[in-house]
2 protein chains.
Amino acid sequence: MIKIKGGVAAPKDFKVAAINCGIKRKRKDIALIISTVPAVACGLFTQNRVKAAPILVTKEHLKKTIAQAIIVNSGNANCCTGEKGLKDAHLMAQAAAKELGFHKEDLLVASTGVIGKPLPMDKIKSAIPQLVKKLHKDSGSDVAEGIMTTDKVTKEIAVRVRIKGKDVAIGGVAKGAGMIHPNMATMLCFITTDAYITRRALKIALVNAVDKSFNAVSVDGDMSTNDCVLALANGSAGNKLLDKKDKEFAIFSDALAYITDYLAKAMIRDGEGATKFVEIIVKNTKTILDAKRIANKVATSTLFKTALFGEDPNWGRIAACAGSSGVIFDSDDLDIYIGDVRVVKNGEGSSKHNAEIKKLFKNREIDVTIDLNNGKKAYRMWTCDLSSDYVKINADYTT
Amino acid sequence: MIKIKGGVAAPKDFKVAAINCGIKRKRKDIALIISTVPAVACGLFTQNRVKAAPILVTKEHLKKTIAQAIIVNSGNANCCTGEKGLKDAHLMAQAAAKELGFHKEDLLVASTGVIGKPLPMDKIKSAIPQLVKKLHKDSGSDVAEGIMTTDKVTKEIAVRVRIKGKDVAIGGVAKGAGMIHPNMATMLCFITTDAYITRRALKIALVNAVDKSFNAVSVDGDMSTNDCVLALANGSAGNKLLDKKDKEFAIFSDALAYITDYLAKAMIRDGEGATKFVEIIVKNTKTILDAKRIANKVATSTLFKTALFGEDPNWGRIAACAGSSGVIFDSDDLDIYIGDVRVVKNGEGSSKHNAEIKKLFKNREIDVTIDLNNGKKAYRMWTCDLSSDYVKINADYTT
């Protein structure tokens, strides 16, 4: 597997564009990803009961299993917008389809931004012809910019692997940076590939990849109404059809997991106000769910996350999280490590490593391991700290 | 019922004291509450699996059902301190008992503060004689000060009610201000009363009172390792024995609930960095658990709480919380009110009240109502905002 340039436009027969249509003042706020040939398509969606209109439209269109384009805007989530919102999401697909000469159902729609405001459809509709005109192989980064909300950096990647004698490319783009929590933890991620692959295999690879990446991160414990991961595979690489039972499926699957891992980590590093990246490993639990619960409790603890920000090695808060997670264990079995240093052994803390731990907390990347010594299961999660900038960013998001 | 002065020292035959023993630099950090006659005693404790040593000792002593004193320190939680911690908690009870001429088992012990540091037992032991000498009816406020950690204000109250022809006093003292979340949400609360009441009735009244107060608040979603509510009833009011079946039980029960409500609200108003007090009501749900889940999700949403701090009427975040709570409902039935203003009707937001809502968000006290129009159950919770001061306070708590 090698990294290549081009992001979501890297795979063959994909073209993309992003421009400013006036939802935001200057930054690009509308983007289009198209495959010039029909592609198998699948998606994973927010489990929030309050779902944005574009999510509903995209889910409907995906029933066809084939799609050819994704139209997406940032700056407005088109959520809690009632009948009009639903109509607007349909119109967005329709307007793009008309300009592209596609069927409306070939268009997938996504929106991200503020909840509860109607989409400015006049701006969106009048931008679409220009957007289509700008479609190009070199505009992957424009799309990465066009889907940003509070993100500080763009998040995109592409890789090439060899499958059944052919070069296959996979590209990915994502946006963070707040309301990040399983399931889904992404807000938006789009995957393109020129692999010739069955829809079933694509879906399985996507579910596995997302489960260990976007579903294992938390910035702030809040689940978005607009989260979705969409994947398009157009078969232009010319490889023999790839299905789940093929041994090469692992190559594709691993490459896709590499992409979602990369994007998920980039999201956490760019988490709203984040100054630290933390990997939390909970191990030797009776069940994976036990490990998940504890990891999740630590990853969402404002006390732990503010201590991280302050580089204050207050590991007592980690112990408190483990204990309050609802998981039943004997606190006398509890070990906690910061990096390789065991700060709690058999439930008892030690201050002898304080200087060492203090130094570790100054790093940008910190590993926390919680060992229950109670079973054989484990779970890993990524999170960031909670800084004064997080509060600043979110205290006046709409105003 | 009338309010009276004196806090936990208000009921007959109670005396209290608090001094500085050197755990903190200057502020009072050790306190003693005694009844000069034996009292029925009961307690409610943190459900954290990681329990501080004093919690274990107090639970053991409460098996006797009778107690006569509470010794408590702030500045050090005596938690994750292993065998030595347990020995220290026993020693603390023993030293106070000896000086008071009580049995060791008559002493209840509590600690609050940093996790993972051994108690400075020399300081504590040498302070106890002076503490006992200072015992007085007028020192209720000293105790309120002596149990504070990051609290900015003391929290105490006392009331008098008429029960079976006699004046009965109930006093209460509590500390916040972080790691506040069900169950328990208090860190520490001590209740004293001169009511002559069965232990069973006292426990029932306490459970009911705590359930609607300390168990229905959240500052930061973190559960402490040291939380406890302890109640002592010494019978000195001279009323005829009060049991659960007596009609006057409601008078006692209501008065106790008034006290825990008052203290719980005071804790939220004094929540770390808090600038707002929010009452969240979730109503017309199928089950109380549904209502609880949604209330809890909103009360712990960093996005909602930072928007509150910024006085940014971003009600979309409330809708996102309801949807991601795990409760199954139809988003088309969802109504959301800020104060009396309906900002979401049948799942659809309206911006026409924006100016009005913006004004409401400037108040120190804000009511949020989430109506699922889906059943007949309801739940109420209190929380505060998440401010830049919260981050500041917790970023360097131990350093």
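**The open sheet**

Tutor: In chain A, seven strands make up an open sheet with mixed pairing, in the order β9-β16-β11-β15-β12-β13-β14. Strands (E, at least two residues) and helices (H or I, at least four) are DSSP runs numbered from the N terminus, and two strands pair if DSSP finds at least two bridges between them. The edges are β9 (217–218) and β14 (348–349) of chain A, each of which pairs on one side only. This is a predicted model, in which local features need pLDDT of at least 70, side-chain atom pairs count only at pLDDT 80 or more, and totals for chains, interfaces and linings use all residues. Residues are numbered from 1 along each chain as its sequence is written, while chains are lettered from A and ligands numbered from 1 in the order in which they are written.

Lys345(A) has Glu348(A) in β14(A) as its bridge partner. Helix α6 (residues 249–269) of chain A packs on the sheet and touches β9, β11 (277–285) and β16 (377–384) of chain A; contact requires C-beta atoms, placed from the backbone, to lie within 7 Å. The direction of α6 makes about 50° with that of β16(A), where axes are lines fitted to C-alpha atoms, for helices over the stretch in contact, and angles run from 0 to 180 degrees between N-to-C directions.

An automatic or database assignment sets the domain bounds: chain A has domain 1 (2–269) and domain 2 (277–395). Their contact takes 11 residues from domain 1 of chain A and 10 residues from domain 2 of chain A.

Key:
Contact = placed C-beta atoms within 7 Å.
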